[in-house]
Structures are given as structure tokens and as C-alpha cells.
Amino acid sequence: MIFSEVRSSVLAIRLTTGPERLDTLVLPVRPGGPADAGASAELVPTASALPDDVLAEAAALAPVARLTGRAGQTREHLRPTRTPERLLLLGVGDGDEQGWRVAGAALARAAKAEPRLAVALPDDAPAAVRGLVEGLLLGSYRFRLTEAGEAPALREVDLLVTDVEAYREVVELARTTAENTRLARDLTNMPSSVKNPQWFTAQVEAAAAGTPDLHLRVRGPEELAAEGFGGILAVGGGSASGPRLVELDWRPAGAKRHVVLVGKGITFDTGGISIKPRDAMKLMRKDMAGAAAVIGATLGAAALGLPVRVTTLAPLAENMVSGSAFRPGDIIRHYGGLTSESTNSDAEGRLVLADALAYAVAELRPDLLVDLATLTGANAVALGKRTGALYSDNDELADELLAAIAAAGESAWRMPLAADYVEHLGSDLADLHSSPAGASSVTAALFLREFTGDLRERWVHVDMSAPSWAEGDDAELTKGATGWGVRGLLRWLATLD
Ligand code: BES
Ligand code: MN
Ligand code: ZN
């Protein structure tokens, strides 16, 4: 079977002062007092005029249903023959954005059999709306390629507010964030039999088409060879599907700052001739999650019309085992001329990223340079399964990105570009050794830094191998690709002007 197109159907979310139909009414609840005191939940005061008897009934329900108001709690209450015929109490925690995001995701799951919902919302709570909408759209995500499994019935969510205009912008922000996160998930979940570099390129082309000020340039093997992208060509050389370099440029008029985002785009990583053992290989279709995230963030920036120029580079290659694959011990000449000795063909991500970084530094001259990559298994060893490893020599820039990532409900932790390993970067035969001894997430970052030239202090690298994938549904994450990075990057880009 050939799957040419996949797009999971998205919930319709509407702001309204009064729903056309009221089947299931969702009422948010929060902790009524300190949790350790065993206090039960209380209703969050909402803005729209709801019948007093409904509110009284809901308020009385919370203690009886033993709700604490913790974010993500849900309790359904049936009221046959009355309107609404179903109440759903939804715990939103202490009212912060992440609590509402967790609640939105829990709601999408708890109510998946309901065709439509109406959620009563408080006034003056943009963070609540942002979290709720993102949670609904992310928690309801499913990757669907075939007709297997049951599709959820939930299609429409009405947000009940008193002032529709007041929330329009924040709903758009949340929707754009979630839709591009979903796009990154779709790209990352797609099996590698479909998702070769050419297919990925075609998806970007389709997604970027029709947006003014958004420009796409794609280099194929010939152009890459003519311009000296030796790392991308070496890694992509073993595959029947040739490599590509996607350059997607959001160039709004009047932009004062220019950011380059780079994302690792290995559409499948066998390890190459230094082949991976089978368990380590089985999920390697996700090895382009960095590319998917930076593309998602850039499309999001364009959709929101953010006043910052964003150029995204996605080096795409399939790391295969074949007669034309690169070999351990090969010497690679990267874009711009730096050479590396590669004794382990499984350290392929840094080789394609090195070309892209060197190209960005030499030709694009951005103000800031950020790369995202599923670079090492060591990310999860050091930081667990939800947290990316962030590296930078620039404290201020690192702090800004960490703050944006955390605010978006993602997680990253600053790691050291440890000086004690720098000596291991040396090679007898080339400028650099591509898999130096030492802590591998750290040494990979040190290797990449060598390609940042005079922009070294304007560069951030994030190893996001761990948080790019979830083993099961977890709050706004769904089993499989998480789209990690889209939310944090978009949040950060929105702070630049
Ligand atoms: N794509 C892998 C890293 C990876 C591992 C991502 C597990 C997600 C989950 C990368 O190309 C790789 O093979 N890294 C090696 C580096 C080593 C050869 C220096 C690793 O982590 O073992
Ligand atoms: Mn590898
Ligand atoms: Zn890899």
C-alpha cells in the first residue's frame, strides 16, 4: 500500500457567547483549598450566564464525586430529560496554563465519544484558553494511516465566553501552535518506507505553498555535490533515495532579526555500516524529529505573521547499509572545507548538521542559530524521557530559550560544553574526529560547535532524542511522536522582534 497523504482530522474549536445546542456542558473545577487538607473541588467562576440550577447541581456534585480539582480529573454526570443532559466536571488545577493544557487533553480523551462539547470559560484568562485549546488539539491527536481502530466521535468544541473578540487572537495562537505540532508528529510517525527525503520535501512544499513571504529552496544530490555538502552526501550515499537540503525561509518585510533553525532529518537511521542492533534500530524512523520540529515552528511563525526572519535548514538523508554507503574510517569534507574522520557511521546526525551549520554561518549570517537533533541515546540516560539537553556558550540566549520551552509546557535542561573533552575532537587525518571519546551527547555538541565559526556565541544546540517520542499517552502527548520543539521554538520566536 502506498500512503501519499496523511492528515489527521482536526477538531473544530469555536468561540461563542451561546451554543446552538447544549448536549454536554463542561464546567472547570479547581482545588477548593490545600490538597493535603483533603479539600474538595470548587467550580471555577465562569463568565457566561448559565442557569442557576445547573450551577448549583454542579457545585453540589464536586464533593460527592470526590473531585479534588487536580488538572486532568474528569467526572461525567448524566441528567436524562434535562438540558444539558450531560455535565462534565473538569479539573484544571491551580489555574496556570499547563494545568489547563493537561485538562484540555484529558477532556479530549474523556469525551471522545461525544460529537460536541461546550466548555464554560472564565473571563480575562487568556492563558487558560491557550492551554485548554492546545491540550484539546494535542490530546486528541491520532496518527491514522489505515482504517484500523475506532475514530473518536468528538468533532466540535464550543468555548463559552462573554467576549468573543477578546479571545480570538489567543485561540489562533494556540491553534497554530497545536496544528504545527501535529504536523511534526505526522511527519515523525510516518513509516520510513514512505518518508524518504523526497517525500519529506514534498510535504514541506505542500505546507508552504500559497503563503506570501515564505520561500522554499531544495537542493538535490547534484546541487549538494556542486556546492560541497560532503557530510549530507556521505550519510545519504547508501540509500536508494537521495539526500536533500530543504531551505525554508520566512522573510517578512521589515524584520529586524534573523534566526536560522537547523533540524536533523535522518529519515531512517540503520547506523550504516556500523549497524545498530535490532532493538536500537526499531524506532529510527523518528530520527528526523528535529527537522520536523523546525519546519513546524517556521510554518507556525509564517502563519502567525511573526515579525522575525526565520530560515530553516533541514538536511535530509537516509542512513543505510549498502555498497554505496560511507565507511568507518572515511574522511569527509564538509561545506566550507573543514574535514572530519568518521570511524562510526552511526554518528551520522552531526555530519549532516555540520554542513548545514557551516552553510548558515558562511552564507546566511543570522543573528541567532539554533539546531534541534535526535542526536544521542545519552540524552535519555542523563535527563530521562521528557527533557531535551540544551547546550550554548551564551547564557542569556540559553535562558531565553529554556524559559520559552518551559512556558510552552515542554522541558529542556542546560548541559555543559565541557572543556575536558575538547582534546578528544582531534584526529590524525582530519580537522576533527566525528565520534570522540567521552559523554556522547556532550562530545556531539562540541563537534557541532566547531562548525559555528564566528557565530559560536550566538548558537544553541538541543539534543532532543528523548522527548521526541512518548511510549504511551501522557497528558497532551500521545503515543508516538510528540512534536517536541515546535511549541517552545514558536514561543521563543514570538518574543523576538
Ligand atoms: N539517531 C541516533 C540517536 C538516538 C538514539 C536517537 C536513541 C533516539 C534514540 C544517533 O544517530 C546515534 O546513533 N547516536 C549514537 C552516537 C554514537 C555513535 C557516538 C548513540 O547515541 O549511540
Ligand atoms: Mn546514528
Ligand atoms: Zn541518528
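A polar side-chain atom of Asp-346 lies 2.7 Å from an oxygen atom of ligand 1. Polar contacts here are N or O pairs within 3.5 Å. This is a predicted model, in which local features need pLDDT of at least 70, side-chain atom pairs count only at pLDDT 80 or more, and totals for chains, interfaces and linings use all residues. Residues are numbered from 1 along each chain as its sequence is written, chains are lettered from A and ligands numbered from 1 in the order written, and side-chain values use heavy atoms, without hydrogens or water.

**Ligand 1**
- The side chain of Asp-269 places an N or O atom 2.9 Å from an oxygen atom of ligand 1.
- Leu-375 takes part through its backbone: a polar atom there is 3.2 Å from a nitrogen atom of ligand 1.
- On its own, ligand 1 has 510 Å² of accessible area, and the protein covers 78% of it (Shrake-Rupley method, 1.4 Å probe).
- There are 16 residues around ligand 1, and Lys-276, Asp-287, Asp-346, Glu-348 and Gly-377 come nearest (near: a heavy atom within 4 Å).
- This shell holds 8 charged, 5 polar and 3 nonpolar residues. Charged means Asp, Glu, Lys and Arg; nonpolar means Ala, Val, Leu, Ile, Met, Phe, Trp, Tyr, Cys and Pro; the others, Gly among them, are polar.

**Buried elements**
- Helices (H or I, at least four residues) and strands (E, at least two) are DSSP runs numbered from the N terminus.
- Among the buried residues of H13 are Val-442, Leu-446, Phe-447 and Arg-449.
- Val-260 belongs to strand E10, residues 258-263. Val-260 counts as buried because its relative accessibility is 0%.
- Leu-248 is 12 residues from Val-260 in sequence, and their C-alpha atoms are 9.9 Å apart.

**Backbone geometry**
- Most residues other than glycine have a negative phi, and most peptide bonds are trans.
- Thr-83 and Pro-84 are joined by a cis peptide bond, with omega about -10°. Pro-84 sits in the loop between strands E4 (74-78) and E5 (86-91).
- Asp-124 has a positive phi of about 50°. The loop between strand E6 (116-120) and helix H3 (126-139) contains Asp-124. Asp-124 is exposed, at 75% relative accessible area.
- Ala-475 also has a positive phi, near 50°. Ala-475 lies between strands E20 (469-470) and E21 (480-481), in a loop, and is partly exposed at 25% relative accessibility.

How values were computed
Polar contact = N/O pair within 3.5 Å; in protein donor to acceptor, adjacent residues only side chain to side chain. Buried < 20%, exposed > 50% of the residue type's maximum accessible area, 1.4 Å probe, protein only.
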